[in-house]
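Reader: I would like to go through this model and ask what stands behind the terms used for it. Please set each value against its definition.

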Amino acid sequence: MSKITRVIPLTDTPYVRMYQLEGINKAGKSHNYYLASRTMRPEELKLYTRRDTADGVVIYALDDQGRMVLVRQYRCSIDDYIYELPAGLVEPGENYRQAAIREMKEETGLTFVPLEAPAWMEKPLYTTIGLTDEACATVYGRASGQVSQENLEENEELEIVLADRQEAKRILREERVALMCGYQMMHYISDEEPFGFLGEK
């Protein structure tokens with residue numbers, strides 16, 4: 001079995017840091033791997049803690065008219081806009097449900113009320129495991145109120161989109177869409193009751 005023998009911090013930057021992992025592969029040979037992480041200290045890496053804690057939260061929400069709440073956001077990594085679910089980092093002292101309520105208000109101006117869901121449906125899952133140990137919880141619920149961008153940060157550039165099923169289909173066919181958003185949009189389009197799966201045991 002492969003194993004990690006040493007972790008070397010490569011950057012000291014806010015929000016995300018790079019680490020070099022020195023290890024031994026299954027053939028017994030040395031190899032290096034590079035990891036991006038939200039953790040600020042090597043000992044907090046999940047390869048050490050073995051805890052699947054939520055670094056961030058992703059929000060699957062419908063508004064009062066049954067439309068899916070999306071954001072079309074500029075992302076530096078592609079120098080373009082992409083459709084995503086409202087999302088953000090969990091701040092110190094918050095749980096991921098509290099983070100979801102705060103992030104929805106900050107990104108869209110809408111008031112978010114989480115629905116009850118089985119714990120296994122909200123548990124943190126890994127986003128891009130080949131690149132990062134970041135894990136995000138998904139929170140499901142209803143959003144209401146007036147759309148607003150007044151709480152956006154200076155570097156946030158996004159448009160709030162309330163998509164019905166037809167628009168969601170168009171977006172999936174024609175636009176750039178983030179993976180987690182795409183999967184939830186497929187649920188929304190195909191499921192008669194968009195939150196029906198929350199009743200599964």
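**Helix 2 and its surroundings**

Author: The model is predicted. Helix 2 is followed by Gly-109, whose phi is positive, near 80°.

Reader: How do you know what span to expect for helix 2 (residues 96-108)?

Author: The expected span is 1.5 Å times one less than the number of residues. Helix 2 has 13 residues and reaches 18 Å from its first C-alpha to its last, therefore its span is close to the 18 Å expected.

Reader: Which residues of helix 2 are called buried, and why?

Author: They are Ala-99, Ala-100, Arg-102, Glu-103, Met-104, Glu-107 and Thr-108. The word applies because each has under 20% relative accessible area. Their cover includes strand 4, strand 5, strand 7 (87-89), strand 8 (111-114), strand 10 and strand 11.

Reader: What share of the chain is buried?

Author: Of the 201 residues in the chain, 38% are buried.

Reader: What makes the set around Tyr-60 a nonpolar core?

Author: Its members are buried residues of nonpolar-core types, tyrosine included, joined through side-chain atoms within 4.5 Å, so the set is called a nonpolar core. This largest core has 21 residues, and those with the most contacts inside it are Tyr-60, Met-68, Leu-70, Tyr-140, Ile-171, Met-185 and Leu-198. At least two residues each come from strand 4 (56-62), strand 5 (68-75), strand 10 (135-144), strand 11 (158-163), helix 4 (165-174) and helix 5 (179-190). Another core, of twelve residues, lies apart from it, and Ala-61, Val-69, Leu-110 and Phe-112 are among them.

Reader: How do you know that strand 1 and strand 2 (residues 17-24) pair?

Author: Pairing requires at least two bridges, and these strands have six in the antiparallel sense, so they count as paired. Pro-9 stands opposite Tyr-19 in strand 2.

Reader: Why are strand 1 (3-9) and strand 3 (30-37) said to stand at the edges?

Author: Three strands form an open antiparallel sheet in the order 1-2-3. Strand 1 and strand 3 each have a single partner strand, so one side of each is left without a neighbour in the sheet. Neighbouring strands of this sheet are turned by 30° against each other on average, direction ignored.

Note on methods. Residues are numbered from 1 along each chain as its sequence is written. This is a predicted model: local features need pLDDT of at least 70, side-chain atom pairs count only at pLDDT 80 or more; totals for chains, interfaces and linings use all residues. Side-chain values use heavy atoms; hydrogens and water are left out. Helices (H or I, at least four residues) and strands (E, at least two) are DSSP runs, numbered from the N terminus. Axes are lines fitted to C-alpha atoms, for helices over the stretch in contact, and angles run from 0 to 180 degrees between N-to-C directions. Buried means under 20% relative accessible area, exposed over 50%, partly exposed in between (1.4 Å probe, protein chains only). Contact means heavy atoms within 4.5 Å.
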